[in-house]
Amino acid sequence: MGRWSRLVARRFVDWLDVPPRSRWLDVGCGTGALTATIAMIARPSSLAAIDPSAEFIGAARDNLGEGVDLRVGDAQLLPFAPNEFDASVSGLALNFVPNPLRAVEEMARVTVPSGAVAAYVWDYAEGMEMIRRFWDAAAELDPAAAALDEAIRFPLCRPDRLENLWDEAGLGAVAVAPIEIDTTFADFDEYWRPFLGEQGPAPSYVATLSESDRRRLAARLREELPTADGRIELPARAWAVRGSVT
């Protein structure tokens with residue numbers, strides 16, 4: 001997923017249009033895809049990033065090098081003072097926070113008045129075709145798989161839910177926008193391989209299957225995915241939301 005998330009991160013930062021020399025915070029930074037994009041194109045005066053996983057922070061430190069304040073911590077209790085940042089953002093992480101409202105309120109707390117609080121999440125319900133097609137095929141073969149579908153587990157993947165969350169957190173000038181990209185795979189094996197990695201909801205489900213059931217699922221997907229000269233091209237959409245601290 002990393003190559004697609006980096007494309008979305010760039011479009012997200014461009015959409016925010018935060019002035020150069022601003023102070024940025026990336027909440028739920030993972031291995032640093034959004035953090036690296038901010039460092040590369042936003043010309044920040046300072047950049048901090050936080051994630052609950054020490055392993056991810058270690059990988060981010062390897063990827064980003066010096067100059068970024070990387071910390072292990074909780075989005076729901078940010079270890080920063082009020083008004084410490086001009087822009088607090090989160091990329092593809094809010095779905096995994098137990099209390100996303102608390103996380104957004106914390107992002108607002110550490111951001112200056114009129115500063116930007118923003119995030120983006122994959123549109124698992126309709127717009128993230130590589131995942132949507134996986135769960136549709138899985139549910140055809142195993143009805144119990146439907147309950148694991150990110151579209152059900154992560155209701156924030158819908159634009160109205162994001163807008164309501166930002167409103168509930170007391171942010172002003174709330175705006176929601178789609179970020180759309182194409183995901184292209186050279187062949188079926190390139191599409192299927194990430195689902196064998198055991199990280200994330202879909203790969204974790206695949207890891208529970210017997211070898212025969214795994215082959216059945218792969219065969220069903222191979223039959224149903226659109227191909228052109230062996231290539232698989234699927235649209236992908238994320239929803240981005242932003243607001244200003246009042």
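Let's start with the exposed side of helix α3, where Ala54, Glu55 and Asp62 sit; exposed means over 50% relative accessible area, buried under 20%, with a 1.4 Å probe and protein chains only. Helices here are DSSP runs of H or I with at least four residues, strands are E runs of at least two, and both are numbered from the N terminus.

Keep in mind that this is a predicted model, where local features need pLDDT of at least 70, side-chain atom pairs count only at pLDDT 80 or more, and totals for chains, interfaces and linings use all residues. Residues are numbered from 1 along each chain as its sequence is written, and side-chain values use heavy atoms, leaving out hydrogens and water.

So which residues of α3 are buried? In this helix, residues 54-64, they are Ile57, Ala60 and Leu64. Down the axis of α3 they fall within an arc of 60 degrees, so they line one face of the helix; the arc is taken from the directions from the axis to the C-beta atoms. Their cover includes α2 (33-41), β2 (46-51) and β3 (69-72), with contact meaning heavy atoms within 4.5 Å.

Now the ends. Serine 53 caps the N-terminal end of α3, with a side-chain oxygen 3.3 Å from the backbone nitrogen of glutamate 55. After α3 comes glycine 65, with a positive phi near 70 degrees.

Last, a helix pair. The axes of α5 (129-141) and α10 (211-224) come within 10 Å and cross at roughly 125 degrees; axes are lines fitted to C-alpha atoms over the stretch in contact, with angles from 0 to 180 degrees between N-to-C directions. Among the contacting residues are Phe134 and Leu141 of α5 and Leu217 and Leu221 of α10.

Note on methods:
A polar contact is a pair of N or O atoms within 3.5 Å; within protein, one must be able to donate a hydrogen and the other to accept it, and residues adjacent in sequence count only if both atoms are side-chain atoms.
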